Amino acid sequence: MAFPATRMRRLRRTAVLRDLVRETRLEAADLVLPLFVEAGLDPAHPRRPIEAMPGVERLSISEAVSEAGEAAALGLPAVLLFGIPADKDAEGSGAWDDEGVVQLATRAIKDAHPDLLVITDVCLCEYTDHGHCGLLRSDGTVDNDSSVELLARTAVSQARAGADLVAPSDMMDGRVGAIRTALDDEGLGDVPIMAYSAKFASAFYGPFREAAGSTPAFGDRRAYQMDPGNGDEAVREALLDVQEGADLVMVKPALPYLDIVRRIKEATNLPVAAYNVSGEYAMLKSAAEAGRIDERSAVLEALTSIRRAGADIVITYHAKDAARWLA
Ligand code: PB1
């Protein structure tokens, strides 16, 4: 029936009506907070602001425990840990060090806040002195299969430290299957894998790279991260990760890739995470600081759009603010 029998505005008349028929809901329980944990921070300065990411800091382990406690108190279900080691080398050996910064932070957070999920990022780029996500061949290209072995070793080390989920963000081929096998062989078969399945070679990672000191020393990541123009390929990547044993799949970045979120949700019927990355965060913060947009409204609208696209989980630096606004 058309107008006037049908009046779409009938259900928009009041806030209560709008709440009643809202199709997509955003809750603190949908959000994951990334944390940067840095080894060797001066105890007198246990937090180092990240200039490109207002409100986000590099944290000492004790400050990461405190931040995780705040996240839990706000109703956030999980934190995602990124490590900044004191030393870096060509192999990224700090990544699988059982006494490494992420391993120590995981233990400390789980001890203090056992109900909060700790997800650990599995990659080498924060730990290598060249900043690539894998081992380099002599010609400067990233060797896939030898990198996969080190990534599997890293995931096992993190799981042994108490990580509730491991999240490989490297984009090497076959790493999900290798990590699954390695975890199972070590009696860690209960640890789920959140695979960064459709991770694009994006211009939106700049602030993170400053934060983690992980900018590639040369070249770029386009020989392993995906081309922004490829949607079919993203679905193939996700389906391959599912075949290899991924328990959740992820799309990254989020806002420029909402179509990919939708396609992968429909193709996999798995829990889908979307990573609202540092550049997306910095854009909204900068516009809000310049008085161009209302931060609260814009952030909640952006996060709602990521959920509406099909993401069950949104990894976002806005998580604490959003949880407060949603309380
Ligand atoms: O917030 C962000 O920008 C996340 C960046 C992301 C973390 N998983 C990676 C992007 C990159 O530097 O290529 C790090 C790669 N492992």
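This is a predicted model: local features need pLDDT of at least 70, side-chain atom pairs count only at pLDDT 80 or more; totals for chains, interfaces and linings use all residues.
**View 1. Helix H4 crosses helix H5.**
Helix H4 covers residues 144-160, and helix H5 covers residues 175-185. Their axes come within 9 Å and cross at roughly 45°. That angle makes H4 oblique to H5. The crossing is right-handed. On the H4 side, the contact uses Val 148, Leu 151, Ala 152, Ala 155, Val 156 and Ala 159. On the H5 side, Arg 175, Ala 178, Ile 179, Ala 182 and Leu 183 take part. Sorted by class, this contact has 10 nonpolar residues, no polar residues and 1 charged residue.

**View 2. Helix H9 meets helix H10.**
Helix H9 spans residues 278-289, and helix H10 spans residues 295-308. The two axes come within 10 Å and cross at roughly 160°. H9 is therefore roughly antiparallel to H10, because angles over 145 degrees count as such. H9 and H10 cross in a right-handed way. From H9, the residues in contact are Leu 284, Lys 285 and Ala 288. They meet Glu 295, Ala 298, Val 299 and Ala 302 of H10. The contact of H9 with H10 has 5 nonpolar, no polar and 2 charged residues.

In the side chain of Ser 278, an N or O atom is 2.7 Å from an oxygen atom of the ligand. Gln 225 has a polar side-chain atom 2.8 Å from a ligand oxygen atom. For Lys 199, an N or O atom of the side chain is 3.4 Å from a nitrogen atom of the ligand.

How values were computed:
Residues are numbered from 1 along each chain as its sequence is written. Side-chain values use heavy atoms; hydrogens and water are left out. Axes are lines fitted to C-alpha atoms, for helices over the stretch in contact, and angles run from 0 to 180 degrees between N-to-C directions. Helices (H or I, at least four residues) and strands (E, at least two) are DSSP runs, numbered from the N terminus. Angles under 35 degrees count as roughly parallel, over 145 as roughly antiparallel, 65 to 115 as roughly perpendicular and the rest as oblique. A crossing is left-handed if the near helix is turned anticlockwise from the far one by less than a right angle, and right-handed if clockwise. Contact means heavy atoms within 4.5 Å. Ala, Val, Leu, Ile, Met, Phe, Trp, Tyr, Cys and Pro count as nonpolar, Asp, Glu, Lys and Arg as charged, and the others, Gly among them, as polar. A polar contact is a pair of N or O atoms within 3.5 Å; within protein, one must be able to donate a hydrogen and the other to accept it, and residues adjacent in sequence count only if both atoms are side-chain atoms.
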